[in-house]
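The following exercises are to be worked through with the sequence and the model at hand. Each task is followed by a solution in steps.

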Amino acid sequence: LTAPNATRTAQTVQVVAHRGSSAALPEHTLAAYRRALAEGADAVECDVRVTADGQLVCVHDRTIERVSDGGRRVVSALTLEQLRAYDFGSWKHPERPEPQPVLTLESLLELVADAGRRVDLAIETKHPVRFRGRVETELVAMLRRFGIAGAVGPYDADGEGASERPHARIMSFSGLALGRVRKAAPEFPRVFLFEHPELLRLWPGAGLPQGAVVAGPGIELVRRRPELVRALRAAGHRVHVWTVDEPADVELCLELGVSAIITNRPRAVLDQLGR
Ligand code: G3P
Ligand code: CA
């Protein structure tokens with residue numbers, strides 16, 4: 001690490017395992033999240049979708065084709081029981097398959113709640129326009145049932161850093177979804193994800209939609225337009241960057257003073273940070 005600011009940030013930046021330790025193991029499986037916890041990740045990221053019978057499952061795409069043996073079936077058209085018929089673990093390493101069922105958000109919350117240390121959750125809601133906010137409503141209800149409080153990171157004031165309980169923030173590319181979260185559960189901080197800087201022009205003075213306190217730009221944008229991160233920070237926002245897997249990008253994030261690095265390789269990033 002070269003810049004003094006980078007050295008400081010290396011100690012405090014939150015390392016978030018994107019879809020679990022997903023470079024090593026199949027994304028969004030219990031195995032990938034267990035590994036992320038064992039590797040020392042500070043937090044975990046997941047995507048949530050709602051099934052036909054209203055259950056929340058951690059699946060990124062609209063269909064299960066890429067990550068299972070279930071073909072082009074659509075998550076929201078299947079019940080949880082139907083989804084459980086498919087294997088979400090064997091696709092990544094077909095030569096040494098490790099079958100895994102679809103991961104429910106409930107199972108992930110149980111895992112994180114039993115971690116024995118504070119592990120935060122960065123939860124992204126998918127398909128915001130359809131289903132009239134059912135994902136957001138179910139998500140908030142489940143977080144409350146688990147007694148999970150809202151926080152944007154361990155750097156939050158009020159002693160939360162000392163707690164072993166998980167804390168959550170809710171992320172979306174959609175202002176509509178963030179608005180629903182704001183209305184249903186203002187206690188959960190909102191993260192506005194974006195790839196295109198033009199979107200920020202819609203909110204004057206480096207503001208973010210729906211009172212989001214965290215800006216979540218993709219790393220390609222950060223590489224191209226690092227001054228955007230500086231402007232967002234100067235406007236009082238925290239910046240969480242995804243998906244940061246290259247050492248040079250980790251260094252760039254540290255120099256820019258981002259608060260969270262979302263990565264498929266949590267152990268490698270922690271090693272680079274000297275933690
Ligand atoms: O953490 C944010 C990042 O996951 C957004 O992109 O496509 O991986 O969900 P995506
Ligand atoms: Ca995501």
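**Exercise 1. Find the bridge partner of Phe192 in S8, and then follow the pairing onward into S9.**

Solution. The bridge partner of Phe192 in S8 is Ala215, where strands are DSSP runs of E with at least two residues and helices are runs of H or I with at least four, both numbered from the N terminus. Ala215 in turn has Val239 as its bridge partner in S9. At the level of whole strands, which pair if DSSP finds at least two bridges between them, S7 (residues 190-194) and S8 are parallel over 4 bridges, and S8 and S9 are parallel over 2 bridges.

This is a predicted model, in which local features need pLDDT of at least 70 and side-chain atom pairs count only at pLDDT 80 or more, while totals for chains, interfaces and linings use all residues. Residues are numbered from 1 along each chain as its sequence is written, and chains are lettered from A and ligands numbered from 1 in the order in which they are written.

**Exercise 2. Determine which way the residues of S8 point, and whether His237 is buried or exposed.**

Solution. Val214 and Gly216 point one way from S8 (residues 214-217), whereas Ala215 and Pro217 point the other way, and all are buried; buried means 20 or more other C-beta atoms within 10 Å of the residue's own, exposed means 12 or fewer, and partly exposed lies in between, with C-beta atoms placed from the backbone. His237, in the loop between helix H8 (226-234) and S9, is buried because 22 other C-beta atoms lie within 10 Å. His237 and Val214 are 23 residues apart in sequence, yet 5.5 Å apart in space, C-alpha to C-alpha. The contacts of His237 (C-beta atoms, placed from the backbone, within 7 Å), not counting residues up to four places away in sequence, are Leu208, Val213, Val214, Ala215 and Leu232.

How values were computed
Contact = placed C-beta atoms within 7 Å.
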